[in-house]
Structure formats: C-alpha cells, structure tokens
Amino acid sequence: MTIEDIINANFIENSTLFSPLDMIVGLLLALLIGTFIFLIYKKTYKGVMYSSGFAVSLIGLTLITTFVILAVTSNVVLSLSMLGALSIVRFRTAIKEPLDIVFLFWAIVSGIVIGAGIIPLAIFGSLFIGIVLLVFVNKKPVSTPYILIINCNDDYAEAQAIKIVSESTKRYDVKAKTASSGNGIELTLEVRFDEAAVSFINEISAIDGVTNVAMVSYNGDYMT
C-alpha cells in the first residue's frame, strides 16, 4: 500500500464518521444552549440600550459554530478548505459593552464543544457560566454612585453645599470646578450614598445662593 492509498483511506474513513443523528442532536443541543445564553444575556444586560439583534445573534452564532465544527470534524479536506475561507473573514462591528465579549466567546466556545461531541462539558459549562453571571452581574452594589452638579453664586453657598454633601453621603469626590464672573461657580462631584438619602438635594437647593442642583446615576461608562 502506497502513501497515497493510506491518505485516501484516511479521508474516506474520516468522511464516514459523520451521521444524520450527530447533526440532529448537535444542532438541537446548540439551539437549547444558544437560547439559554440568550436568556442569560437578556437577564443580566446593564447597558444603555438593549439590542435584540445582538441577543438573537448569540443563538445564531452557537448554531453556526456547531454547524462548522461538525463539518470540519467529518472531513479532513473540508476542514482545510474551510480554514482557508475563515482566515479572510473580518468582523467590523464595534463592541459597546465589555460584557458582550463574554457572551460572544461563550456562544462560540459552546458551538465548538458541541460540534466536537463533548456534550456533558457543553451542558455543565453553560449552566455554570450562566449561574456565575447571574450572581455577579445582578449583585447590588454596596453604595450607588451618582454625579452631582451644583451651581452657586458665591463661595459661601459653595461651602454650605459641600458641608451638606459631606454630612449626607458615604463618600464624595470633587471631579470638576468651574468659576466665572457671570455664571458663578459650578461644582461636579461624584457621591455615593444609600437610595434613601436622596432628600439632601432639597436641602442644598434651599441654600441662599444655590441656583441649580442636578443629580444623575453613574456607573463609570454612561449617565442616565
């Protein structure tokens, strides 16, 4: 037997490893796990604007990856040609939320594991990741950060406002201060306190010389 016969025999043998049952089980399991990833993403999303298209794409990504891996593992020739085709693919979509990267990799890796036939790992791994994300992403912070903007006419009003802030919050940091002859003083502070303590804003607005007080929630990436 020549080397060419051995290679051809291996190609034929690898091509017959695939069966319709593998395809049905793999794609159905990919659909279930993809839907599970979709539900976890929807449950844990904390961004500015929820994208239903991205969420549904997690299901499609799991199915497509499983489809590709099933094809690759069933035929050596196809795997080489597919590797060359995938090497020219470039993704240009910007990822706005850091956590979205986790879900993208989760969907891709789940498809790879299912396509490779390691079903227990795919099921247990997805359940474990889902529980971890639910616990940590939905964990309520000890104190809520806010951005507080105070407009004052003079230094006295500023001092009184800072005094009330220091007495009513767990922590505060002056992020910016702008002073002008025509518009007075504008203070921008990051404050942290319990939800029940927001009434101190009324005390600040009642100070003689304070013209405006505004507060917005803040998580480091966006304001709402």
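**Note on the helix packing and selected buried residues**

1. Glycine 34 touches Ile59 and Thr62, when residues up to four places away in sequence are not counted. This glycine lies in helix 2, and it is buried, with a relative accessible area of 0%. The structure discussed here is a predicted model, and the remarks below should be read with that in mind.

2. As to the overall layout, the protein has 8 helices and 4 strands, and from the N terminus the elements follow the order α-α-α-α-α-α-β-α-β-β-α-β. Of its 224 residues, 32% count as buried. Among contacts between residues at least 6 apart in sequence, 72% join residues at least 24 apart.

3. Helix 2 (residues 20-44) and helix 5 (residues 98-115) have axes that come within 10 Å of each other and cross at roughly 165°. An angle over 145 degrees counts as roughly antiparallel, and the two helices are therefore roughly antiparallel to each other; their crossing is right-handed. On the side of helix 2 the contact is made by Gly26, Leu29, Ala30, Ile33, Phe36, Ile37, Ile40, Tyr41 and Thr44, and on the side of helix 5 by Leu99, Asp100, Phe103, Trp106, Ala107, Ser110 and Ile114. Sorted by class, this contact has 12 nonpolar, 3 polar and 1 charged residues.

4. Helix 5 also packs against helix 6 (residues 119-137), at an angle of about 165° and with the axes 10 Å apart, which makes helix 5 roughly antiparallel to helix 6. The crossing of helix 5 with helix 6 is left-handed. Helix 5 contributes Leu99, Phe103, Trp106, Ser110, Val113 and Ile114 to this contact, while helix 6 contributes Leu121, Ala122, Ser126, Ile129, Gly130, Leu133 and Val137. By class, the contact of helix 5 with helix 6 has 10 nonpolar and 3 polar residues, with no charged residues.

5. Helix 2 and helix 6 pack at an angle of about 5°, with their axes 10 Å apart. Angles under 35 degrees count as roughly parallel, and helix 2 and helix 6 are therefore roughly parallel to each other. The residues in contact are Val25, Leu29, Ile33, Phe36, Ile40, Lys43 and Thr44 of helix 2, together with Ile119, Ala122, Ile123, Ser126, Leu127, Gly130, Leu133, Leu134 and Val137 of helix 6. By class, this contact of helix 2 with helix 6 has 12 nonpolar, 3 polar and 1 charged residues.

6. Helix 5 deserves a separate check on its geometry. At 1.5 Å a residue, its 18 residues should span 26 Å, and the C-alpha atoms at its ends are 27 Å apart, which agrees. The buried residues of helix 5 are Asp100, Phe103, Trp106, Ala107, Ser110, Gly111, Val113, Ile114 and Gly115. An α-helix has 3.6 residues a turn, so residues three or four places apart point the same way. Helix 5 is followed by glycine 117, whose phi is positive, near 90°.

7. Serine 126 has its place in helix 6 and, at 4% relative accessibility, counts as buried. Leaving aside neighbours within four places in sequence, serine 126 is in contact with Ile33, Phe36, Trp106, Ser110 and Leu121. The C-alpha atoms of serine 126 and tryptophan 106 are separated by 7.9 Å, although the two residues are 20 residues apart along the chain. Serine 126 and glycine 34 are 92 residues apart in sequence, and their C-alpha atoms are 9.5 Å apart in space.

8. Threonine 66, which is found in helix 3 (residues 52-74), is buried, with a relative accessible area of 0%. Apart from its neighbours within four places in sequence, threonine 66 is in contact with Gly26, Leu27, Ala30, Gly111, Ile114 and Gly115.

9. When residues up to four places away in sequence are not counted, asparagine 151 touches Ile185, Glu186, Gly209, Val210, Thr211 and Asn212.

Technical notes
Residues numbered from 1 in each chain as written. Predicted model: local features only at pLDDT ≥ 70, side-chain atom pairs only at ≥ 80, totals over all residues. Heavy atoms only, no water. Axes fitted to C-alpha atoms, helices over the stretch in contact; angles between N-to-C directions. Parallel < 35°, antiparallel > 145°, perpendicular 65-115°, else oblique. Left-handed = near helix turned anticlockwise from the far one by under 90°. Contact = heavy atoms within 4.5 Å. Nonpolar A, V, L, I, M, F, W, Y, C, P; charged D, E, K, R; others polar. Expected span 1.5 Å × (residues − 1). Buried < 20%, exposed > 50% of the residue type's maximum accessible area, 1.4 Å probe, protein only.
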